[in-house]
Amino acid sequence: MDATYSRAVGLAIPVFFALIALEFAVDLVRGTRYYRLADALNSLSCGIISTGMRVFFAFLGLFAYEWALNHAAPIHLGANQWTTWVFAFVLYDFCYYWQHRFGHTVGLFWASHVVHHQSEEFNLTTALRQPGTGALLNWIFYVPMALAGVPIGVFLMVGVAQLFYQFWPHTRHIGRLGFLDRWIQTPSNHRVHHAQNDMYLDKNYVGVFLIWDHWFGSFQEERDDEPPIYGIRGQLKSWNPVWANLHYYWAMARDCRHARSWGDKLRVWFAPPGWRPADVAARFPKPEYDPRRDFAQFDPPRSVAMSAYALCETAALIAADYHFLAVLPKQAAWLNVLYFLFILSGLVTLGGILENRREFVWLEAGRMAVTGAALLALGSWFGGVRDPRVVLSLESFVLLSGTGLLACFYLAQMAPAARARGRLETQ
């Protein structure tokens, strides 16, 4: 498990949420409406999944890095030299550029990275919308750092620093920054990157230093006459964070199955995103898409009560995720997996509630009932928490949540009938 990453995330979470709260307050004061509840909560849900998956699967990249460093690196740099840290940061940013560029130009890597681009808004919650499957393959792009002799501790720390730097450019409340927009990643440059407009598509890949985009011909300046349209071509149209992580893999697997040529079956996975075998495209055509003409934000209507429930329960799951990161080294691996699955199940049911799907209300009620029963039976919580006051508080929260869910559902069902009666009385 990647303990360095989990500790860094644990420290950064309060800072990130404080900045999100500040941006939301500015959004309210300015009346810009850059936040939508379901979109923001879905981004946070994807971020929670990404954190857990990296905790469990980052060992793949760490093992490969350590092997290459110990068995193939011709030199070994000293971690106590400042030049090593500067060199490592610049090299990491260069490797990230190519990881990011392949994430937009190769189907298999896009299937992972697409999660980060699904949000149809652009705010600081979008920065936390990270892919859950990135830890499985993205490490390939950082093997050159091991071959260059960068110590593994230095590699991990500069990676965390570079990742956290990329938080602040995800905002529409900071405009152009003059000469900085030509040299480093800024909000203006990153707005371009998240846009699906033709002129902005697949531009501005850098994490920090814009020199890579200039050198390799992928820079595009934001233009006043071309407002960015955020989101992906082929909208997700779902608030399910698991489906968000799997939907493009599923699309490629479906095309692979239908393709008649074995070459096309293989090419599906490595061709640019959107490529389809000719015979598959002929049998299963997709309509042409122009974002300026065809794009419409996905946001199914739901009652205020159900939105409030989803907001409160997402906050509870974020707190659970924070606790999950804190207790990782204190309990058995199977308990860590079980804790993560508990959090994951809540994110899925809340996604269904945000889509206003009745079956997920009952699944969420069942989840609360099982959680309450387990608390009563075991008298403890994850991380070895056995203090009766804490367990009783958790039990009370679960009871209130379950009761609140059913009350919100009842109010949501009664509201249309009440409006109908009101219309009849006024006629």
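Leu136 is found in helix α7, which covers residues 134-137. In this predicted model, the relative accessibility of Leu136 is 34%. That value lies between the 20% limit for buried and the 50% limit for exposed, so Leu136 counts as partly exposed. Leu136 also contributes to a nonpolar surface patch.

Helix α2 spans residues 37-57. Ser43 lies within this helix. Its relative accessibility is 0%, so Ser43 counts as buried. Contacts of Ser43 were considered beyond four places in sequence. On that basis, Ser43 touches Ser119, Thr125, Thr126, Leu128 and Arg129.

Helix α5 runs from residue 107 to residue 117. Of its 11 residues, 11 are buried, so the helix is largely enclosed by the rest of the structure. The buried set includes the aromatic residues Phe109 and Trp110. His113, His116 and His117 are buried as well.

At the level of the whole chain, the secondary structure comprises 19 helices and zero strands. The radius of gyration is 23 Å, close to the 22 Å that the globule rule gives for 427 residues, so the chain is as compact as a globular protein of that length. The C-alpha trace spans about 75 × 55 × 55 Å along its principal axes.

Buried residues account for 50% of the 427 residues. Among contacts with a separation of 6 or more, 74% link residues 24 or more positions apart. The accessible surface of the chain comes to about 20,900 Å². Carbon and sulfur atoms provide 68% of that surface.

The protein chain averages a pLDDT of 92. A score of at least 70 is reached by 95% of the residues. Confidence is highest in helix α10, residues 187-193, at a mean of 98. Confidence is lowest in helix α19, residues 388-426, at a mean of 73. Where pLDDT is low, predicted coordinates should not be read in detail.

Conventions
Residues are numbered from 1 along each chain as its sequence is written. This is a predicted model: local features need pLDDT of at least 70, side-chain atom pairs count only at pLDDT 80 or more; totals for chains, interfaces and linings use all residues. Side-chain values use heavy atoms; hydrogens and water are left out. Helices (H or I, at least four residues) and strands (E, at least two) are DSSP runs, numbered from the N terminus. Buried means under 20% relative accessible area, exposed over 50%, partly exposed in between (1.4 Å probe, protein chains only). Contact means heavy atoms within 4.5 Å. Patches are made of residues with over 30% relative accessible area and no salt bridge: like charges are joined within 9 Å, nonpolar side chains (Val, Leu, Ile, Met, Phe, Trp, Tyr) within 5 Å. Accessible areas come from the Shrake-Rupley method with a 1.4 Å probe; for residues, only the protein chains shown count as cover. A salt bridge is a side-chain nitrogen of Lys or Arg within 4 Å of a carboxyl oxygen of Asp or Glu. pLDDT is the predictor's confidence in each residue, from 0 to 100. The radius of gyration is taken over C-alpha atoms; the globule rule is 2.2 Å times the number of residues to the power 0.38.
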